[in-house]
Amino acid sequence: MRNQTAVLIPEPNKRDQSAALVGEPDKRAQITVAEAGKRNQTTVLISEPNKMYCDLLKKAFYVVRNRFQVVATASTASEILAGIEETHPHVAIVSANLQDGPLTGIRLLPEIRRIHLDTRTLVALEAPEPDLVIEAFRFGADGVFCRNSPFDLLCKSVEAVSQGQIWASNDELRYVLNAFAKFSKQRKMDSNVESRMTKREAEVVRLAVEGLSNREIGQQLGLTEHTVKNYLFRVFDKLGVSNRVELVLSCLRQEPDARDDMATEQRNSAQPR
């Protein structure tokens, strides 16, 4: 079993914008009306490119119906958006690949957030490849789940993201942190995050997410190590996080232009010279 981490991250008060990946307007998700008297259940939308797999996953969740209710199933981008709009599920399990094509599910994440900000997204991957994990979080995923993991771990991941946590293994978190540190100097901090800090706090945070230690930050800014620590603790309190990992993941939720800039930088760095 993978060493799994659930990290508590506050949801920034913003809505990402992106081109809607809507196919034929008459395609609709399979909708189930939420049962009265079962509001303690976590409502779930599930998506798979294969409709038979959708049915199998829905039956698996029915076994644990005291905890979950599948309110919609989908195999295309348009079906996912229709299901989100009509049922407002707590969690959408979004397959990275849909009938529309590879990685369609990942690129759909900002549109899901635009339609219903409170729906959490868990991206289902065939394998935890670093590039796919980074892309999923860059586009706004609340967690990633590898299909070779057991079903009970899927249930735990759905519950975690429904409670506002980030779900990822330690290795997956490391992929994201390494990518963020590599390109953070070319990126602007999320304005929604920066607006909650003082100018000095923002300076400390920028250096922290680049991977500098408290001592190194102090040397660059002319502060004592203890003062840097106090600044970080104040920022942690303002953002509702408890450590640098959570801080970095909070800052990862960038505006679309900044996210696209990072993707371009990453593609350029991968090209042979």
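Predicted model: local features only at pLDDT ≥ 70, side-chain atom pairs only at ≥ 80, totals over all residues.
User: Where does L239 sit in the chain?

Analyst: L239 belongs to helix α11, which covers residues 225-239.

User: How far apart are L239 and V193, in sequence and in space?

Analyst: In sequence, 46 residues separate L239 and V193. In space, their C-alpha atoms lie 7.7 Å apart.

User: Why does M52 count as partly exposed?

Analyst: M52 has 49% relative accessibility. Buried needs under 20%, and exposed needs over 50%. The value of 49% lies in between, so M52 counts as partly exposed. M52 is part of helix α1, residues 51-63.

User: What makes the nonpolar surface patch that includes M52?

Analyst: M52, Y53 and L56 make this patch. The patch comes to about 320 Å². A patch residue needs over 30% relative accessible area. M52, at 49%, therefore passes that cut-off.

User: How much of the protein chain is buried?

Analyst: Of the 273 residues in the protein chain, 51% are buried. The accessible surface of the chain is about 13300 Å². Carbon and sulfur atoms hold 49% of that surface.

User: What share of the contacts joins residues 24 or more positions apart?

Analyst: The share is 74%, counted among contacts with a separation of 6 or more.

User: How many helices and strands does the protein chain have?

Analyst: The protein chain has 13 helices and eight strands.

Note on methods:
Residues numbered from 1 in each chain as written. Heavy atoms only, no water. Patch = residues over 30% accessible without salt bridge, like charges linked within 9 Å, V, L, I, M, F, W, Y side chains within 5 Å. Areas by Shrake-Rupley, 256 points an atom, 1.4 Å probe, with all protein chains shown as cover. Salt bridge = Lys/Arg side-chain N within 4 Å of Asp/Glu carboxyl O. Helix = DSSP H or I, 4+ residues; strand = E, 2+ residues; numbered from the N terminus. Buried < 20%, exposed > 50% of the residue type's maximum accessible area, 1.4 Å probe, protein only. Contact = heavy atoms within 4.5 Å.
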